[in-house]
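I opened this entry to record what I looked up in the structure, item by item, with the criteria written beside each term.

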Amino acid sequence: MRNKSSCLSLVSSRLFIQVVNTAYPVSIYIHIPFCTKKCGYCDFYSISGGSSYYSSVLERIILQLKTFIAKNPVIDVYTVYIGGGTPSSLPLNLLESFLSALEDILPSNVEEFTMEVNPEDIHKPFLEMLFSHHINRISMGVQSLNESVLKVLERNTSRYKTLKALDCLASNWQENISFDLITSVPGQETADTLRDLQTLLKFSPGHISLYTLTFENGTPLTKKLEEGTIHKVSEEHEAAMFDGCTDYLEENGYYRYEISNFSTPGEQSLHNKVYWDLNPYFGAGPSAVSTIPFQNKALRIENPRDMKSFLHGNFELINSQSFLLEHLLMGFRLIKGIHVGRIESIFPIDIFSTFTRTIDNWSRNLKFNEGYLSLDRSGLMLLNKFLSDIADEIPEDLPENYSWPLRS
Ligand code: SF4
């Protein structure tokens, strides 16, 4: 019998021969691990002052993508997302060469091509360059327009710079826009976020992401919390702030389609929906993760959070319990919920008889509509408790014969 490590080396050697042997869409995530300055709350993998790594890391990312695409010619690239880190912080000429190299590899019919940008990097030639390389969606990390909130978050920007960036976008960018905002920052009031939303909606973004601040282990902000120099907002304040913003966005035509995401009709993020629907994606760059099909199972590849060794990723065939859990964790974040028929087609289970206890206990918060099982607004406020209940009911003897992917 083969041991685990020999199985993994078999998987890894075959990965670079061919993984995808059936034509279906794959999304691509590219992680650019550089920021001008680290923000106090952030635990994404990125470094500041990393200019000596720029060229070699970008070249390796291109090599990773070339290898994957050349060896799997049947794939159809559905969406591309360049995130990080801060891709917009790269010098313009380097970013342009990188986008040109991508253009040579990627098909021209990518449906959604997003790049994350920070306000301080936006100027007219930059936007023109993105447009000329077929980027059709910008996701701008605004986070707040309030100077004190930006200071707590240790953002490398100011209200003035963000307003200038917004004006520049209004005059020079006709494609899709998404803005990220953070709520529940110590000292932040509901009125602050509502004022920010009021300003941002004047620029007609199709999409808004509204995240609640989380204190990640090891970040400078968490250190301040532990030292008692800052304090978390209360749960009541957090819920009231999020509710107030949700109401405001809904009154203005933005529909909540995921726990933290809102859009006008037709402007949902296609790329992020690939993650939440657990469809195949390939990640290039340090710390990027891939979930791609391999012999009807889900193959997980995790690139190291270390620039020097990121080409030597870890490979793992995901077992059925973990993969079912991922479907529940991702699916219940969506306002439409999990697609019961799709999950039952992937895994050998009946959702309603497998999760009877959770479904009974949460019946007041659960809705079943057109094949989707979802939580209502009060249920979403208690999402972690619900997920912990449903996770406890995943059968320990769940058979390994799941079959993936199936598109919803
Ligand atoms: S700019 Fe974005 S990726 Fe960089 S440190 Fe700040 S939050 Fe993290």
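**Entry 1**

I began with Asp-192, which counts as buried at 11% relative accessibility, where buried means under 20% relative accessible area, exposed means over 50% and partly exposed lies in between, with a 1.4 Å probe and protein chains only. I then looked up Arg-195, which counts as partly exposed at 47% relative accessibility. The side chains of these two, Asp-192 and Arg-195, meet in a salt bridge at 2.9 Å, N to O, the term being used for a side-chain nitrogen of Lys or Arg within 4 Å of a carboxyl oxygen of Asp or Glu. Both Asp-192 and Arg-195 lie in helix α7 (residues 190-201), three residues apart, which is about one turn of the helix. I noted the general rule that an α-helix has 3.6 residues a turn, so residues three or four places apart point the same way.

For the bookkeeping, I wrote down that this is a predicted model, in which local features need pLDDT of at least 70 and side-chain atom pairs count only at pLDDT 80 or more, while totals for chains, interfaces and linings use all residues. Residues are numbered from 1 along each chain as its sequence is written, and side-chain values use heavy atoms, with hydrogens and water left out. Helices (H or I, at least four residues) and strands (E, at least two) are DSSP runs, numbered from the N terminus.

**Entry 1: a salt bridge inside α4**

The structure holds 10 salt bridges, and I next took the one in which the side chains of Glu-128 and Lys-124 meet, at 3.9 Å, N to O. Glu-128 and Lys-124 are separated by about one helical turn, because they are four residues apart in helix α4 (residues 124-132). Glu-128 is partly exposed, with a relative accessible area of 43%, and Lys-124 also counts as partly exposed, at 43% relative accessibility.

I looked up the division of the chain, which gives domain 1 (4-274) and domain 2 (324-398), the bounds coming from an automatic or database domain assignment. The centres of domain 1 and domain 2, taken over C-alpha atoms, are separated by 28 Å. In contact terms (heavy atoms within 4.5 Å), 11 residues of domain 1 meet eight residues of domain 2. The two domains bury about 880 Å² between them, 54% of it on carbon and sulfur atoms, buried area being the accessible area (1.4 Å probe) that two parts lose on being put together, summed over both. On the domain 1 side, Arg-256, Glu-258 and Ile-259 lose the most area to domain 2, together 54% of what that side buries.

I counted four salt bridges between domain 1 and domain 2. I then looked up Arg-377, which forms a salt bridge with Asp-247, the closest N and O atoms being 2.8 Å apart. Arg-377 lies in helix α15 (residues 377-381) and Asp-247 in helix α9 (residues 235-251), so the pair ties together parts that are 130 residues apart in sequence. Arg-377 counts as partly exposed at 30% relative accessibility, and Asp-247 is partly exposed as well, with a relative accessible area of 34%. Salt bridges that share partners join Asp-243, Asp-247, Glu-250 and Arg-377 into one network.

**Entry 2: helix α2**

Helix α2 (residues 54-71) has 18 residues and reaches 26 Å from its first C-alpha to its last, close to the 26 Å expected at 1.5 Å a residue, the expected span being 1.5 Å times one less than the number of residues. Its buried residues are Tyr-54, Val-57, Leu-58, Ile-61, Ile-62, Gln-64, Leu-65, Phe-68 and Ile-69. They cover an arc of only 155° around the axis, which puts them on the same side of α2; the arc is that of the directions from the helix axis to the C-beta atoms. On the other side of α2, Glu-59 and Ala-70 are exposed. The buried residues of α2 pack against β1 (25-32), β2 (34-35), α3 (92-105), β11 (281-284) and β12 (289-294).

**Entry 3: two buried loop residues**

Tyr-41 lies in the loop between β2 and β3 (47-48) and counts as buried at 14% relative accessibility. Leaving aside neighbours within four places in sequence, I found Tyr-41 in contact with residues including Gln-143, Arg-155, Ile-182 and Glu-216. The C-alpha atoms of Tyr-41 and Glu-216 are separated by 7.0 Å, although the two are 175 residues apart along the chain.

Thr-157 is found in the loop between α5 (147-153) and α6 (159-172), and at 10% relative accessibility Thr-157 counts as buried.
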